[in-house]
Every structure is written in C-alpha cells, then in structure tokens.
Amino acid sequence: MRNIPLDKLTPQEFLRDFWQKKPLLIRNAIPDFQGLLTRDALMELACCEETQSRLIIQRNKKWLLKYGPLSERDFTKLPKKQWTLLVQEINHFLPSARDLLMQFSFIPRARLDDLMVSYAPKGGGVGPHFDSYDVFLLQGLGSRRWQISAQRDSRLIADAPLKILQNFYPEQEWVLQAGDMLYLPPNYAHNGVAEDECMTYSIGFRAPSHYELVTQFLVYLQDNIEVKGWYADPDLQLQDHSAEIGQAMLRQVSTILEKIKWDQKDIQNFLGIYLTEPKSHVFFEQPEHPLTQSLFLHKARRKGVLLDLKSRMLVGDKTIFMNGEVYKVSVDTYKLLARLADNCGIVLDLKCTEETEKILYQWYVNGYIVIES
Ligand code: SIN
Ligand code: CO
C-alpha cells in the first residue's frame with residue numbers, strides 16, 4: 001500500500017520538520033476523494049451499540065451534547081444548520097477505512113488510534129478546542145473552513161458539555177475541499193466550521209499521558225510480578241505506643257518493596273498488551289460454524305487471511321501481540337506473523353510451521369482473523 005502524498009515531502013522530511021512540531025496543509029492529498037460513506041450510512045452507524053458517537057447541537061450560543069448509541073428520533077428534529085455528528089472507529093466497520101489508515105503507515109501502527117468521521121450541515125462544528133492527539137484532517141464531502149492558532153491560552157468555557165476554548169485567536173485559516181488534508185500536532189488550537197454540507201475524516205494518533213502509562217504499567221506489574229516471602233518480626237521489640245508504625249516495620253517493608261523489579265521484556269510486553277487490548281465496547285464475532293483446522297488451512301493457503309477489522313496486532317522482539325494476548329514464538333513463525341501484522345493480511349505458504357498453523361486457527365476461531373473472500 002502506498003503512502004498518502006505529503007505535499008512533495010518524503011515521509012522522512014515530514015517526520016523531521018512537521019510531526020509533533022507544526023501544522024501542514026496538503027492540498028489534494030487524495031485527488032477526487034469521494035469519501036468512504038454517505039451521511040445516512042454514518043447515521044446508521046451512530047445508532048449501533050458498538051460504535052462511539054456524539055451529536056453536538058449549537059442553539060442560542062449554547063452547546064448541547066448527546067452521546068450514542070443514537071436513535072433515528074435524534075435525527076428527525078435537528079435544526080437546518082449548526083449541528084454535527086461524530087462517529088469514532090469507522091475503521092472497525094469499513095474495509096475501505098482500514099485501507100485509508102494503511103496509507104499512514106509511515107507513522108508506527110503503535111501510535112495509531114482510529115478513523116473518526118464527522119458530518120455537519122452549514123455552520124456545524126465542535127467549536128475551537130485542543131486535542132491531545134496528532135491528527136490528519138482529511139476533507140470528504142463539501143468544504144470546511146479551518147482556523148488554527150499556536151496560542152498558549154487554554155482556558156475552557158466552564159459550563160459547556162464539551163471542551164471549548166474561552167478565547168480563540170486564529171492565526172491562519174483555509175477552506176479545505178474534498179481530498180485536501182490538514183495535519184495538526186497535539187495541543188494546537190483549531191476550529192473547523194462547515195461551509196456547506198460537509199464530512200471530515202480524522203485520522204488520529206494516540207498520545208497517552210505519562211500518568212496513564214505509569215498507572216497502566218503498575219496494573220501490568222500487579223498481574224505479572226512474582227514476589228515470594230512473608231512479613232516476619234521474630235526480633236520484635238516492645239513499643240512505647242502500641243498504635244505507632246515502628247521504624248523496624250518501615251525498614252522491613254521498604255526492603256520488601258525493593259523487590260519490585262522489571263526489565264525491557266516487561267516494558268515490551270506491557271506496551272504490546274496495552275496497545276492491542278480491545279476497548280471495553282469491542283467484541284469479536286466468532287464464526288458460527290467454524291471450519292476444521294485442515295479445511296481452514298487449505299482455504300488460508302488458497303485465498304489468504306485478513307485481520308478482522310477490529311483486531312489490533314503489533315510485534316516486538318520474538319513476540320507477537322494480538323488483541324491484548326502475548327505469543328512468544330519461533331523465528332519462522334515470527335517472520336510470517338509479522339508480515340500479517342504489517343500488511344493486515346497474508347497468503348499462507350505450504351511450509352509454514354505447525355506453531356503458526358495452530359496460532360492462526362485459534363485466531364480464526366476467536367474471530368481475530370477471517371478468510372479472505
Ligand atoms: C470535526 O470533524 O468536526 C472535528 C474534528 C476535530 O476538530 O478534531
Ligand atoms: Co479537534
């Protein structure tokens with residue numbers, strides 16, 4: 001899959017000069033981009049239990065927000081102007097959305113979050129705000145006016161149901177037409193307003209806070225650490241105050257806590273699990289009448305297998321991570337599965353290892369991969 005054109009920049013130049021540093025407007029990144037779905041299809045997805053959606057309406061200078069799943073009724077009484085519908089993880093539903101994301105493979109998959117699509121009639125938008133994300137805003141249907149600012153003032157309107165800047169000082173602005181794209185680094189103030197009926201595709205890259213990484217790593221350690229021994233005090237001395245936590249107890253517990261150790265392998269495993277763990281609303285559909293392993297392998301050799309659209313797969317040193325699970329594998333198995341992770345699909349060759357066959361069959365039964373149709 002080829003990379004999306006970056007205004008004549010090579011991916012290396014983009015990473016060096018723009019990524020996480022400054023915005024970049026790319027006119028005609030995808031010539032004749034028609035969008036991937038219609039307004040009605042987006043509304044239908046917003047009504048489904050498995051998606052995360054938001055409907056935002058501006059009325060008399062007030063912002064109203066409703067979280068999905070939405071119902072048809074939510075769409076019947078909408079004003080003519082100034083509302084917007086946002087639906088996350090469109091790549092879990094449309095193969096074409098995953099293909100679009102694959103054009104951003106010059107950024108590591110470990111950083112990729114999802115494709116969000118918005119629809120708005122004239123005047124619609126989510127107001128001026130910051131995101132803690134890197135985002136590529138690709139224009140689909142219609143046109144949108146983007147205003148951006150490197151301002152430091154990040155104060156928010158206090159009583160709004162979404163994060164909207166109290167003061168916005170636009171420094172640059174453009175109208176984006178179908179196929180144009182704007183890259184924004186995290187914490188760059190922006191405001192996009194629909195010029196007419198408009199759909200925008202946000203390719204978002206996850207940037208966890210240090211707090212989140214640390215607390216999630218502690219959860220990983222809790223599940224994976226092995227610490228032996230019991231607290232013991234055969235030399236216990238009489239204390240003046242029986243309610244006091246004594247010095248000897250403090251010393252002993254601090255020695256015990258020094259047993260908390262981790263290495264690079266733990267950090268890799270933590271990241272692999274953390275970054276591929278399905279979110280709580282994501283469920284995999286298992287095949288209703290699964291093929292036998294030999295029939296599955298026969299088909300996988302003829303037609304190939306694809307990652308299910310909801311699967312998240314990453315690889316590390318001799319290790320494969322699939323939807324929060326860890327697999328330590330042989331070199332040959334690793335080579336083949338790493339290709340599956342990179343390309344989201346592979347055709348099996350005849351000489352693949354028994355280990356690979358077993359893993360792939362289990363993934364097929366779990367609904368993590370599907371036979372290419
Ligand atoms: C939108 O598509 O309306 C919002 C995208 C954004 O500002 O992050
Ligand atoms: Co934004």
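Visitor: At what angle do helix α8 and helix α10 pack?

Guide: About 100°, with the two axes 10 Å apart. Keep in mind that this is a predicted model.

Visitor: Roughly parallel or roughly perpendicular, then?

Guide: Roughly perpendicular, because 65 to 115 degrees is the range that counts as such, and that is how α8 sits relative to α10.

Visitor: Which residues make the contact?

Guide: From α8 (residues 293-302) you get Q293, F296, L297 and R301. From α10 (residues 354-366) come E357, K358, L360, Y361 and Y364.

Visitor: And how does that contact split by class?

Guide: Five nonpolar residues, one polar and three charged for α8 with α10.

Visitor: OK, another pair. How do the axes of α5 and α7 cross?

Guide: At roughly 105°, and the axes come within 10 Å. So α5 is roughly perpendicular to α7.

Visitor: Switching to the ligand. Which residues surround ligand 1?

Guide: The shell is L86, M116, S118, H129, D131, L137, R144, W146, H190, T200 and S202. Sorted by class, that gives four nonpolar, five polar and two charged residues.

Visitor: Which side chains have an N or O atom at 2.7 Å, 3.2 Å or 3.3 Å from a ligand oxygen?

Guide: S118 has a side-chain N or O atom 2.7 Å from an oxygen of ligand 1. For H129 the corresponding distance is 3.2 Å, and for D131 it's 3.3 Å.

Visitor: How much of the ligand's accessible area does the protein cover?

Guide: On its own, ligand 1 has 260 Å² of accessible area, and the protein covers 94% of that.

Visitor: Which elements give two or more residues to that shell?

Guide: β5 (112-120), β7 (144-149) and β11 (198-205).

Visitor: Now the backbone. Which peptide bond is cis, with omega near 0°?

Guide: The one from G68 to P69. P69 itself is in the loop between β3 (62-67) and α3 (72-76).

Visitor: And what's the phi of D7?

Guide: Positive, about 55°, even though D7 isn't a glycine. D7 lies in the segment before α1 (11-17).

Visitor: Why point out those two spots?

Guide: Because most peptide bonds are trans, and most residues other than glycine have a negative phi.

Notes: Residues numbered from 1 in each chain as written. Chains lettered and ligands numbered in written order. Predicted model: local features only at pLDDT ≥ 70, side-chain atom pairs only at ≥ 80, totals over all residues. Heavy atoms only, no water. Near = heavy atom within 4 Å. Polar contact = N/O pair within 3.5 Å; in protein donor to acceptor, adjacent residues only side chain to side chain. Areas by Shrake-Rupley, 256 points an atom, 1.4 Å probe, with all protein chains shown as cover. Helix = DSSP H or I, 4+ residues; strand = E, 2+ residues; numbered from the N terminus. Nonpolar A, V, L, I, M, F, W, Y, C, P; charged D, E, K, R; others polar. Axes fitted to C-alpha atoms, helices over the stretch in contact; angles between N-to-C directions. Parallel < 35°, antiparallel > 145°, perpendicular 65-115°, else oblique. Contact = heavy atoms within 4.5 Å.
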